[in-house]
Amino acid sequence: MVATQSRPAPEKTRSSDRDPSLTRDRVERAVLPYVRWIVIALLVLASVVPFYYMLLLSVRSIQDLLLDPGNLAINPVDISVDAYKQVLSSTSNGGQGFLTLIRNSLLVALGTVVITLAVSIPGAYAVSRLVFKGRRQISALFLGVYLFPSVVVAVPLFVIFARVGLRGSLVGLAIVYVAQTIPVAVYMLRGYFDTIPTSLEEAALLDGCSRFGVIRRVSLPLAMPSIMATALYVCMIAWNEFLFALLFLVQDRDRWTVSLGLAQLSGSIEVPTTVLMAGSVVLTLPIIALFFLTERFLVEGLSAGAEKG
Amino acid sequence: MPNRRLTLRQRDARAGVSLVTPTVLIVCLVLLVPMLWAISIAFQDIKLINIRYAGFFGQYTLDNFVEVFQSSGFWSALWNTVLYTFGATTGSILVGLIAALAVRRPFKGRAIVRGLILLPYVAPVVAVAFVWTTMLNPQFGVVNNWGTRFLGWSEAIPFLSQHSTAMLTVIVFETWRYYPFAFLFLMARLQAVSKDTEEAAHVDGATPLQQFRHILLPQLLPTMVVLFTLRFVFTFSKFDDVYLLTGGGSGTEVVSVRVFELLTSRKDVSAACAQAVILALVLVVFLVIQRRATRRWNGDS
């Protein structure tokens, strides 16, 4: 897209530079900075506008929206929190009961993070550091299941959970999330353990520390940034997930997650768009707040493996 | 001394096995066993009603596959899936590349820009899908309102409910949601590129675009290939985006949405499994071809 704009026009070659490529160079160097800023501005707009729109509609009244749908300005006088009231108040009060759903989502997300970390930290450490039989096969297994379509396991899991009574329970949902996030978590943590010099651990081993002592006292504290990043990523996946929540929990309103509750909300015609947008804000805000608080960790942790290609 | 080393190694091996066991166990129980079972169900005749009696073994039959291959719905869903996956994957990588190049050199507010760019990727799919459907709504969506007011559209465009635009819109949505992922990886890779070669090329008279073409792009290509593989695999079996935007209507039904419909509305567990297994097989074939191609390409250069 940039190339066509920066090709030098024929008359420009008549300028003092006899070498045409020098002119081209000059034109590119003059034009590209502008192109760059336009690109940045467009990308930021494309990213931010939908979220702004979400927020905007959530505080407008539905009549206002229908009368003037093209208005993108927030008039402080007209701000209405009715949509939020309706979303958050309990179903017995005629609301949508999202507070319960938030609690459910929080429970599932936290449970998933704790269990995933508890099993993937040791697993990642072992795969990164310790030599044992089957180590390579295990890495291959994780990569394999990571790439595996979740729709395929969705059907049998649906059946199995229905049988053992885990369908419709938050515990069952958390178990699925744990299994789905383990491969990524192990990958991220392992990449980080690989960068910690072994000499530190060897010194502690020589001082008479046991292997588990070394992990607890040396490796874990050093891997803290990566553990944080992994926790955040897992939390994000668990909070945002939709397919399994829909499959497992749809029958029992008290156990819905926020994502599922919002999706169900859109199915009923009598719910106005403003309420839907207020629900979207309720769903989005916690995860975005968490993201901005911890962005640095996450960005580094996620792209840690990128250099290796 | 050698004796002690040996025992340390043995102890490490034992520790390794015990540390890795929980992860392997969970992955096997919750992913691997269900996957094998899915394959087995695909070869049996099981509906949601008689699911109680379903097991690993039973009356194996090829009927489900025959049925799947004979239904026109499956072939169009597969075609839609391929179209959707190629469009969204290349789109997100291209936009991600442009974004990474634009944000490459430091400037004031770069960290904020990076954070804002990542928003679509971080936000929950249900919420962003609803914002998009609302924005694109023909009656009160801002896009159609502005389009008719400022861009001279003669009438509102029902982006998500007419055949000519629905698939494209879904692809644009997917590109929007996943270009940050490509951006993140390509930025990390760009950071690792040394500036020396580019400076040398500049001295030799290479223009910025020539530098990109001959110096940066070759270094970014391996990352782009990995990204393409990852995004392709994930998008190929993606369910929520299409389901939430169109419900699979207007020519956007992809295989995963079809699997879901077969399971929940037709209650045909076996047909659902058969389609899911075929989906996975197509992916495996793709991965093998892709691996071969990269290896050949690497061997050539």
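A residue is called buried under 20% relative accessible area, exposed over 50%, and partly exposed in between (1.4 Å probe, protein chains only). By that rule B:Tyr243 is partly exposed, at 24%, whereas A:Phe242 is buried, at 1%. The model is predicted: local features need pLDDT of at least 70, side-chain atom pairs count only at pLDDT 80 or more, and totals for chains, interfaces and linings use all residues. Residues are numbered from 1 along each chain, chains are lettered from A in the order written, and side-chain values use heavy atoms without hydrogens or water.

Aromatic rings of Phe, Tyr and Trp (its six-membered ring) pair if their centres lie within 6.5 Å; planes under 30 degrees apart are stacked, over 60 edge-to-face, and the rest tilted. The whole structure holds 28 such pairs over all chains, including these two:

| Pair | Centre to centre | Angle between planes | Class |
|---|---|---|---|
| A:Phe242 and B:Tyr243 | 6.1 Å | 35° | tilted |
| B:Tyr121 and B:Tyr178 | 6.0 Å | 70° | edge-to-face |

Both B:Tyr121, at 11%, and B:Tyr178, at 9%, are buried. One aromatic cluster consists of B:Phe86, B:Phe228, B:Phe232, B:Phe236 and B:Phe286.

Turning to the interface, 97 residues of chain A are in contact with 99 residues of chain B (heavy atoms within 4.5 Å). One salt bridge crosses this interface (a side-chain nitrogen of Lys or Arg within 4 Å of a carboxyl oxygen of Asp or Glu). It joins the side chains of A:Arg211 and B:Asp12 at 2.6 Å, N to O.
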